[in-house]
Amino acid sequence: MANPTAFLTIDRRDRPSAPVAERVRSWAEFVRPLPESEVRRQGERCMDCGIPFCHAACPVSNLIPDWNDLAARGRWREALARLHRTNNFPEFTGRVCPAPCEAACTLNLDDAPVTIKTIECAIVDRGWDEGWIVPEIAPRGTGKRIAIVGSGPAGLACAQQLARIGHAPTVFEKADRIGGLLRYGIPDFKLAKREIDRRIAQMEAEGVIFRTGIEVGRGVSVERLRDDYHVLVLAAGAERPRDLPVPGRGLGGVHFAMDYLVRQNRRVAGLDARDAPIDAAGRHVVVLGGGDTGSDCIGTARRQGAASVTQLEILPRPPAREDKGLTWPDWPMILRTSSSQQEGCVREFAVATEAFLGRDRVEALRCRRLDTGETLDVPADLVLLAMGFTGADAEGVVGRAGVELTGASTIATPAGRYATSREGVFACGDARRGASLVVWAIREGRDCAAEVDAWLRA
Amino acid sequence: MRGRGLYDPAREHDACGMGFVASIGGERSHGIVRQGLEILAHLDHRGGVGADPDMGDGAGCLIQLPDALLRDWAEAARIALPAAGDYAVAMCFLPRDATARAAAEARLEHFVRLEGQVFLGWRDVPVATEGVGAAVLAAMPAIRQALVARGAATADQDAFERKLLAIRKQTQNPLEALARERGMPDLADFYIPSFSSRTIVYKGMLLAHQLGQFYTDLTDARTASALAMVHQRFSTNTFPSWRLAHPFRFLAHNGEINTLRGNVNWMNARRRTLESALIGADLDKMWPIIPHGQSDSACLDNALELLVAGGYSLAHAMMLLVPEAWAGDEAMDPARRAFYEYHAALMEPWDGPAAIAFTDGRQIGATLDRNGLRPARFAVTDDGLVVMASEAGVLPIPEERIVRKWRLQPGRMLLIDLEEGRIVEDEEVKATLAAAEPYAEWLRQTQFNLADLPAAAAPAVASDPGRLRALRQAFGYTDEDLKLFLAPMAETAEDPVGSMGTDTPLAILSDRPRLLYDYFKQGFAQVTNPPIDPIRESLVMSLVSMIGPRPNLLGRQAGTHKRLEVAQPVLTDAALEKVRAIRDTLDGAFRTVTLDATWPRGGSAQSLDAALQRLCWEATEAVLADNNVLILSDRAVGADRIPIPAALATGAVHHHLIRQGLRMQTGLVVETGEAREVHHFAVLAGYGAEAVNPWLAFATIDALHRAGDIGAADAAVRYIGAIGKGLLKVMSKMGISTYQSYCGAQIFDAVGIAAEVVDRCFTGTASPLGGIGLAEIAEETARRHRLAYGSTREPVDDVGGLYAVRAGGEAHGWTAGTIANLQHAVRGLLPDKYAAFAAELNDRPGKPLALRSLLAFAPDGPPVPLDEVEPAAEIVKRFATGAMSFGSIGREAHTTLARAMNRIGGRSNTGEGGEEPDRLRSAARSAIKQVASGRFGVTTAYLAHADEIQIKMAQGAKPGEGGQLPGHKVDAHIAAVRHSTPGVGLISPPPHHDIYSIEDLAQLIHDLRRVNPRARISVKLVAAAGVGTIAAGVAKCGADQVTVSGYEGGTGASPLTSLSHAGLPWEIGLAEAHQTLLLNGLRPRIRLQADGGLRTGRDVAIAALLGAEDYGFATAPLIASGCIMMRKCHLNTCPVGIATQDPVLRAKFTGEPEHVINYFFFVAEELRAILASLGLRSVEEMVGRTDLLRQVDAAGHWKAQGLDLSRLLHRPLPPPLQAPAEPKRAHDAPLDAAMLAAIDAEQQEIVLPIRNVDRSVGTLVSGELVGRERRGRLHARFVGTAGQSFGAFAVEGLTLELVGDANDYVGKGLCGARLIIRPPEGVARQAAANIVVGNTCLYGATGGEAFFAGVAGERFAVRNSGALAVVEGTGDHGCEYMTGGVVAVLGGVGRNFAAGMSGGVAYVHDPDRRFAASCNAASVDVGPIGRDERGFDPAEPLADMLRHDDARLRLLVGRHAALTGSRRAAALLADWPAAVRHFVKVMPHDYRAALEAAPAAVPPVLAAAAV
């Protein structure tokens, strides 16, 4: 701790965002970094707690107090090393993580937690800028080949960990580019895609082989991979969206959020859309679901020039503030406003959709207020379903891999373990855990790699 | 008595009162013997009484042989007795069994004849057994004397004495083996108290006054002696043991040898090197010189008799065994320094508090340890009598016949030569001995300091980061080692500090590979000996180490033996290379060999075993090949070589060489990459390393600092400084002052090491629970090695996680999860959350957190319905919150705990910071008032309003150390309560300066009972091996409760070294205390409280089953009130407003009494469920039921499976006689009763006679006045010698005038009264050259006045915070830790004046300008007396301490003259302007700065107290 009383004398200051009017005109990231001196000051605020609640709340167990201190002292390179010890991709989490660490921060007792996420991002961005992030090539190989299905954060983390121990991982991706949801699920304004590209380059140099456009289970069989590789890791995600089987579901203009987002992301990437674009321009957009995906839809719709955006949430409006005495350091259920929501949308809570109204295309939603029981019609000409995911696609590799599944359509493993019911087949990420955060995916990939390594050595 | 339990008789302690009377002219008379017995009777209160009030701990008397008595007997027995001097008497304690006795007698007779002496006959010693306790008689030996005449071939009396020693040793040493061999167990009871042609010892398990009645020889008028040396014992045990009584053959001892295990080891290690021209071949018959299993005093006696037999004079031998502090004493005569320095290589000091009386029948004397930690007063009469004793006034002698009253000073000697008929003064004894040989010259020729030797080429520092990282991994370095230890140590040169104790598993329970050091817990001093303050009392401390072989102790080689000295034991790489190359630089005097302490990769137990074997053989070979410095080196570590844990290698070689008798022929240096923190160096030193080179620590520091602000070389120097300071602290917490004594002293308890490893490598170390063997040690080491070299990937540094929680690091009890669950539970009254909290801590299969995790309940009957179990509201009354001072935590937090405990009928504890007056009678009061070493806020009112008074002997987080409150935490409020100055930091001394020994504790308990007879008195101890015997001693001191605190505890700041490495878990300490108290029959007399890391109802249940009836909690209730374990208490930055005084932060405190209450009720409900499941209905039924516990199978745990908790669960059979539950509180206080009666009668004055047995006079009156809020004024005049604690806690309204003199602790806690002590009128002695009050006067005084017409002993006005005092001279350490008040010294002062003084003012008369050399100027300025008298108000002499010096001093001296009739004061006043120029003013600089910053900051409390 460079300055034990900094938390009393320095106020919390976080990264500023570009003004709404400006940022909705662009697909670029709109969060602006803090100057180095300010990041260091913010790092000083960390108290190096005896029990770092942030660290305990962080799914990858980032050594937050350690790198906060190193950042505060301007020892960036050491901070980077410490950060990379637990997190393969801090540039992703530094941008898209909801930061349970900050909720758990001791200073959040006073609503002013350390800007942990900002410091994390500053450390890794600086690492890239300075050229410190270079391939970490294993001194010698083990000759063990591992097939990893899925190139989302879980698959990538697993692959990188294995490569660095000297194993030979090959990552199979059904899409045309590596990254999974990072690539096409998260809008560019939240995560610029060059962040993925330079990581991929590093990993390729470390010996990871990437095979895109191959859908395991269709293009290549699971059995083939079992024959060709010592280990098969399933990191194929949990992509099956929750549907809303109510009257009118078949109307035009009702889409799953992910279909909508992927198409837009491809457009921004300059790629040909494989399917017709879904454009919100000039439309009244209704987003069903109050989570992160819903927010991504809002931001995307705003940028496409939607006439209006309304977000309907089936749960009641959470309180504005938590009772810290009964919640801290846990993640509190409070009303949060995402950056996309700030960009302009109407939010309704405790509203259930009972039908989609319209002829061919949707024109309105018939809804019921769960608290009062009254019904209302919400006009809409584009409806995006962002109500979460219900597990892995049974038609995809997970369904065909011959491994036991859970009732929730995820891959079954013993608690805290990654080995599936099939010898030599492991699973990690959303495919095992169910849809979750990027940071959990990284954690799963890392732990899975460790288990695979132990299995290979046993 | 050794059962399967935890009690170990080797841990017994004793202390006592002792004394002698001698005729300087050597005139023998029966009167001397009678006077000796009288001294004994007057020391009665210094002894102990056990379960049987008719059984004492032992008393004895040594006199010259009573020739007339024996001659009459011989005549009657028709035995021809040769002339006096030509025959000797063996005093024998023989087995009572007739066969065994005959065998024993035959043995003695056999060896008498074998050694060419003449056996004359056996005399039955007449004894009278009336009035002697039944238990004593049951254990009484057959007491007979054997008379032996000098053989014709034995040249003279000295040679005769040597023969007698050889006979005694041969008779006695093999007895135990013989007893086993012959199936005659009683044979082992044969003991020979004395066997000499000059002296004889009469002793036994008797009360002091019984000795003379029992041995009728002593009261026989024919028994004449010129000397009588007596001793009254106070031991921690109550088992009848006749042989443990003193005196021994040469000495009687009051104190404790802290370094005993090392001293005995080193002595036995001399077997091969010891030769004596005088003793010759007989020496071989005497081994072991020091037999196993004796008391420390007996061991010292054995060493002394060997030295004397080897030709040393008594005085010479004593100077060798117990040298004064010479290393740092610049003022010492160079010849004497050379004498000590020369002898330092011969023998390591026997270190510890000690007043030792010694005699060989021709000379008699006494000496004191270097620190002066025991009292010894003497008087010389005009008719040639010397009386020396632990107390003054033990022999009533008319004042006018006394020509000199003095005390033994630290390290000084009193010697009376009866043959020359004179007292030989300390100066003369030592000057004569120092001049006897050219020691300085010898040193010049033979002594080499490593620093002065030419440099040798050092190996390049490893700097490749990858290689360094691999090495660090191989040696188990973590992030924390770098961040918390190496980096800050190399910056600040300090051992780092942390807070909130430790909540990680013991090394044996950890799932991680832990360093072997972590299995060793440092020992520390409590009750039976005091720790030292290594900073404030640095003058007695020394880190000097001698490397290489030791000379023959008895050889007198006239200085041909070359010696290698280092200033401190941490060697840089360059210094180590000098040692390695020393053969060339020193001409072959030293030959160094480096032994490889690594073993090949693969790492099995067998290969480690083989490697240790090889290492030991190589060591033997090397020594036999005339190499005399061995370096054990793990530099060969690499991908293929695994380092042997350095402690294992060191201990193995050290003990191997001891066993072979080769250890004294070689030095042992350890070159290891493993050692890095203070504790590591301490363990290596404790097991024999004379110096250590931590090469990897240096390489790491080099890498850290090569580019840093401070250069790498400077960083290394600071690191060495930090280790040195830390080592001094570790040594001093055991009361050891020199590295030489610490080296090999094995001051550790092992937790979790198997017996076979202990026996092989750490011989003699207590390891009560067994644990890991070589296989697990090999596995731990190999795991580290695999992390470094076993992976295809570059190793990653380990997070550690010992000091702050880290994922993948060490497990903790307090985690984000347990804290969140507990806090949510108590705030929302959510039982489910509490259950989740408790489950995380209680149910830990395979992941034990503490020893109790390995215990499970084993009901022996059906459960009972829950509603039949006593209600939670009853159970919570057994709960107490821990001692956290107001100061360390804020008022809000402190009162929250107090209110909560008062509401549920439990008890909160003030901690050591006093209590605000507005709380004393309110709902926010703390029922327990703590008395700690700093005595902050310990006023009479504070004590009088206590329900319980707790004497804190040690605290779990840092046993053996004192607390510190940094200045930034001392705001005006806290300063007022503590009677100190805002902004000025406060230091608590490591020891209570009125408790250096067990009988001192009895005295403090006596004082406190007098202040408040209604309060329960408890004593807080920290678990350590031997805590049971200390608890027994505490019970015998009359305490009502003893707290056994675990090492985990701790809510304040503490050095990390102590936080994790000192003390034992409470499970062990509690079980040992319970078992030992049961064995002693003392258990019903005292309540046992467990404390330290209790969190759940299950924890309480285990504590109850192990023997505790009360339970203390500190961290858990703090967490309930909002603490989140920031571990930043030492920084004042607590973000939840608990451990801080910052008002902004305190405002963040959200705790409510309800939270704490909810917590305790959750715990109680959990406990009730357990009670019900065990079929018990109340906690009372649960206490001590270890049969309801069983050890769970730890087979799943790779280390813990070796643990054996059966000794924890042992249920000893108590003796039939049990001490009554309500001990007799004999508070006969006739003098106080008379004073109270006088006050009631509204008398103004009273005159009373007083004697040394009248202790704590004035204390009961004061407690009565304050506690009952009565007002009274009285001037009481006493005539005679006052016992200890005269005027302790005496309050305003009382004037206590003593005509005569007083013993120790005069005016302890003085609280407003006026004390006057003066010699009687018409006595010729110079007051300023005679002692009038003893040691440690005015300790913790908060107000009042004291005028002493004479000299005071050591530590005058220690921690005075408000009294005014005038005295005519002081001993060492005057005004130590003083925080307020005024002291005027009209004469000389001893060394180290004003050490640690942070407030108040002292004036010292210094006409010869010698004061500067006596003053410890670290915290004070010394200047002239200020003459600014404007505005001085005589009614408020303390109003402005920056000014008014002249007037204030004159006022004091004037008052002194008027009240005492002091001639010195009168002379000064006669020419005041001239006199005042000879005074200096001593003022702490922090105090001055604080007053200058805020002149009005003198706390009102303080000003009011100064009447």
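Predicted model: local features only at pLDDT ≥ 70, side-chain atom pairs only at ≥ 80, totals over all residues.

Analyst: Residues are numbered from 1 along each chain as its sequence is written, chains are lettered from A and ligands numbered from 1 in the order in which they are written, and side-chain values use heavy atoms, with hydrogens and water left out.

User: What area do chain B and chain A bury between them?

Analyst: The size of an interface is often given as the accessible area lost when the parts come together. Buried area is that loss, found with a 1.4 Å probe and summed over both parts. Carbon and sulfur atoms account for 60% of the area here, and the total is about 2,900 Å².

User: How many salt bridges does the rule find across the interface of chain B and chain A?

Analyst: A salt bridge requires a side-chain nitrogen of Lys or Arg within 4 Å of a carboxyl oxygen of Asp or Glu. Lys483(B) and Asp48(A) form one, at 3.1 Å from N to O. Across the interface of chain B and chain A, the number of salt bridges is 7.

User: Which element gives the largest share of the side of chain B that touches chain A?

Analyst: Helices are DSSP runs of H or I with at least four residues, strands are runs of E with at least two, and both are numbered from the N terminus. Those giving two or more residues to this side of chain B are α16 (479-492), α27 (816-828) and α39 (1143-1146). The largest share, 7 residues, comes from α27(B).

User: How many residues does domain 3 of chain A give to the contact with domain 1 of chain A?

Analyst: Domain bounds come from an automatic or database domain assignment, which places domain 1 of chain A at 6-130 and domain 3 at 254-385. Their C-alpha centres lie 29 Å apart. Contact means heavy atoms within 4.5 Å. Domain 1 of chain A gives 17 residues, and domain 3 of chain A gives 16.

User: Which residue meets Asp111(A) in a salt bridge?

Analyst: Between domain 1 and domain 3 of chain A there are 3 salt bridges. In one of them, at 2.2 Å from N to O, the partner of Asp111(A) is Lys324(A).

Notes: Buried area = accessible area lost by both parts, 1.4 Å probe.
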